[in-house]
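Please look through the sequence and the structure shown here, and then read on for a guided explanation of a few selected places.

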Amino acid sequence: MTPMLFSLGSNVTPERHLRAGLKALRDAFGDIQCSPVFEAEPVGFNGTNFLNMAVKAWTDWPVEAVLAWIKDVEFAHGRPENAKKYAPRTLDIDLLTFGDRVCLEPTVLPRPDILKLAFVLWPLAELVPDETLPGTNHSYKSLWQGFDKNQSLWKVPFEE
């Protein structure tokens, strides 16, 4: 089974949509592990704050099937087909890593947002602190320790 790391986020009825995303992940992949939930100010646009988290799951699916599944779940939860990059989201699911795969196609893995966005890296550092980012010798914990923490985010209580 291939381990996968995902980022989930929402700023439109976020508690409801994160729960829906977690249910979809469990329905598709079985047992999952979840980071704490973080509230973060939007990046790249003005809007309501996001709730974000990281999730680990395992699959025997090919990466292309996982990417297609993500699109289906996002569309089922109200994501417009031509959604702008920096805009409100009902449910945003990003595949961050797929095993130790490093590639540009069919998507960029590991996802570059891991090293750019605090709301992606901090949840990973909480969920899998001692695992290493594929293609590097750096743990998520050490990457977070060295991260420029100028993005506002904080842990929030969340009940599934």
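Predicted model: local features only at pLDDT ≥ 70, side-chain atom pairs only at ≥ 80, totals over all residues.

The paragraphs below go through a pair of helices, several loop residues, and the cysteines.

Helix α1, which covers residues 14-29, and helix α2 have axes that come within 11 Å and cross at roughly 145°, and the crossing in which α1 passes α2 is right-handed. On the side of α1 the contact is made by Ala24, Leu25, Ala28 and Phe29, while α2 contributes Val66, Trp69 and Val73. Sorted by kind, the residues of this contact divide into seven nonpolar, no polar and no charged.

Although Thr13 is not a glycine, its phi is positive, at about 35°. Thr13 counts as partly exposed because its relative accessible area is 43%, a value between the limits of 20% and 50%.

Another threonine, Thr90, sits in the loop between α2 (63-76) and β5 (92-98). Thr90 has a relative accessibility of 16% and therefore counts as buried, since the limit for that term is under 20%. The side chain of Thr90 reaches the backbone oxygen of His77 at 2.5 Å. When neighbours within four places in sequence are left aside, His77 is also among the residues in contact with Thr90, together with Gly9, Ser10, Val12, His17, Gly78 and Arg79.

With a relative accessibility of 54%, Lys116 counts as exposed, because the term applies over 50%. Apart from its neighbours within four places in sequence, Lys116 is in contact with Phe147 and Gln151. Between Lys116 and Phe50 there are 66 residues of separation in sequence, and their C-alpha atoms are 17 Å apart in space.

How many disulfides does the count give? The count comes to zero disulfides, when a pair of cysteine sulfur atoms within 2.5 Å is what is required. Cys34 is partly exposed, with a relative accessible area of 29%, whereas Cys103, with 15%, is buried.

Terms used: Residues numbered from 1 in each chain as written. Heavy atoms only, no water. Helix = DSSP H or I, 4+ residues; strand = E, 2+ residues; numbered from the N terminus. Buried < 20%, exposed > 50% of the residue type's maximum accessible area, 1.4 Å probe, protein only. Polar contact = N/O pair within 3.5 Å; in protein donor to acceptor, adjacent residues only side chain to side chain. Contact = heavy atoms within 4.5 Å. Axes fitted to C-alpha atoms, helices over the stretch in contact; angles between N-to-C directions. Left-handed = near helix turned anticlockwise from the far one by under 90°. Nonpolar A, V, L, I, M, F, W, Y, C, P; charged D, E, K, R; others polar.
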